[in-house]
Amino acid sequence: MPPGAVVAAQYDRPVHVRPKRIQRLPEQYFGALLARVIVAAASDGEPVVDLGRGNPETGPPQHVIEALADAAGRSTAHGYPPFRGLPELREAISRRYRDVYGVELDPSSEVAVVPGTKTAIVELSLVLADDGDTILLPNPYYPDYPSGPALAGADIGYVRLDPARGWAPDFTSVPTENIAAVYLNYPSNPCAVTAPAGAFEQAVEFARATDSAIVHDFAYGDLVFDGRAPKSFLATPGARQVGVEMFSMSKSFGMAGWRLGFVVGNAEIVERINLLNDHCRVGVFRPVQEAAIAALTGPQESVAERRDTYQRRRDRVRLALPETVCEGTFYVWFKLPRDLTADQILTEHRLAVAPGEGFGPSGGGWARISLAVTDETLELGLERLVRALAES
């Protein structure tokens, strides 16, 4: 038998059946979307224009990059940081919540530091739900939301977002038994609207009536247009008693890929996230945390500039698609004609958009485009989209 044959043979045996929690995971939407784009790009034709993914095209301001580099060059960068994040970082996000969103937080008990809010999306389901509980997701939803209930063994229910009422959540037609948590997301991805009047108050009332928790995804909180002010769920009376909010450094400060975010609000839920972190991780790389402190406490002009850039691009989209509504985020959500699909737009017009089917049961027949691209890419993409709509 040749050397290594025994080792090779044992890897030819079938692997043990995957645990049910892994089998329950849905297809990773954005991975599948990227794979389709790669296949299309490899085929004959014009280069594919990708407006499908929300990958911020500009990084953080220079002072944040310099803070990262300076921190990485110090001896304190090496070794394990505090499990639950630098106290100065928890204080910095608490000050931002006070000064920008009008919310007082206790940095020692109401702030959890996490390696990106995508992590928190899943982990909040794990710390809030048991097997057989129900987690309610907005419909339409961000495509990564179902992964949390899948790993937690929870059932999924839906809170319909009503387009006739500004995509407000409709709590009148949802299940009320064994509800562990309700996820909401304003400014909404994919619907690109800010929280309609009364939405947060209704969520608090529902949570109290069902003894459930509210999880609010505030990733796009600072990217609101037309003079609107950012609106945190936690500023709603009673919100901190029933829920938490996720805040991301990726969207406001261009730190996508740096993997840093926060879960803030209800102290018991925050402690559950911290407890899970204690067992799963050993903190976030210290220089990333120090850079985040610089972002949160330093000059804030870049946040407004980023918002204004996306608003300007939103205005350009409205010239091409005048019926669209976009109040915030860096997306535009629009209805497709009956005889046109996202796959057709990709294969026949060499333009990638995000198919609405991946955003929940009500997403069929819709599509999302991203404004987080260069102006030149957006222009070329809009040319192809307008042509596709005209020919349908």
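## Cysteines

How far is the sulfur of Cys191 from the closest cysteine sulfur? In this predicted model, the distance is 11 Å, and the closest sulfur belongs to Cys326. That separation is too far for a bond, because a disulfide requires two cysteine sulfur atoms within 2.5 Å. For Cys326 the closest cysteine sulfur is likewise that of Cys191, at 11 Å. A search of the whole structure finds zero disulfides.

Both cysteines are shielded from the surface. Cys191 is buried, at 1% relative accessibility, and Cys326 is buried with a relative accessible area of 1%.

Helix α5 comprises 15 residues, 87-101. From its first C-alpha to its last it reaches 20 Å, close to the 21 Å expected at 1.5 Å a residue. The residue that follows α5 is Gly102, with a positive phi near 70 degrees.

The buried residues of α5 are Leu89, Arg90, Ala92, Ile93, Ser94, Arg96, Tyr97 and Tyr101. Their packing partners include the strands β2 (111-114), β8 (243-248) and β9 (261-265), and also the helices α10 (249-253), α12 (286-297) and α13 (301-320).

Beyond its neighbours within four places in sequence, Val263 is in contact with residues including Val111, Ala112, Leu124, Val244, Met246 and Ile273. Glu110 and Glu245 are also among the contacts of Val263.

## Asn277 in helix α11

Asn277 is located in helix α11, residues 267-280. Its relative accessibility is 4%, so Asn277 counts as buried. A polar atom of the Asn277 side chain lies 3.3 Å from the backbone oxygen of Val113. With neighbours within four places in sequence set aside, the contacts of Asn277 are Val113, Val114 and Glu123.

## A three-stranded sheet

Three strands form an open antiparallel sheet in the order β10-β13-β12. Its edge strands are β10 (331-335) and β12 (354-355), each of which pairs on one side only.

Strand β10 pairs with β13 in the antiparallel sense over five bridges. Strand β12 pairs with β13 (residues 366-370) over two bridges, also antiparallel. Ala367 in β13 is the bridge partner of Phe334, and Pro355 stands opposite Ala367 as well. Strand β10 is mostly covered, with four of its five residues buried.

Most residues other than glycine have a negative phi, and most peptide bonds are trans. Several sites in this model depart from that pattern.

Asn139 and Pro140 are joined by a cis peptide bond, with omega about 15 degrees. Pro140 lies in the loop between β3 (134-139) and α7 (147-152). Another cis peptide bond joins Tyr186 and Pro187, where omega is about -5 degrees. Pro187 is found in the loop between β6 (179-185) and α8 (199-210).

Two residues other than glycine have a positive phi. Phi of Asn178 is near 55 degrees, and Asn178 lies in the loop between β5 (168-169) and β6. Asn178 is exposed, at 54% relative accessibility. For Arg259, phi is about 60 degrees, and the residue belongs to the loop between α10 and β9. Arg259 is partly exposed, with a relative accessible area of 34%.

Key
Residues numbered from 1 in each chain as written. Predicted model: local features only at pLDDT ≥ 70, side-chain atom pairs only at ≥ 80, totals over all residues. Heavy atoms only, no water. Buried < 20%, exposed > 50% of the residue type's maximum accessible area, 1.4 Å probe, protein only. Polar contact = N/O pair within 3.5 Å; in protein donor to acceptor, adjacent residues only side chain to side chain. Contact = heavy atoms within 4.5 Å. Pairing = 2+ DSSP bridges. Expected span 1.5 Å × (residues − 1).
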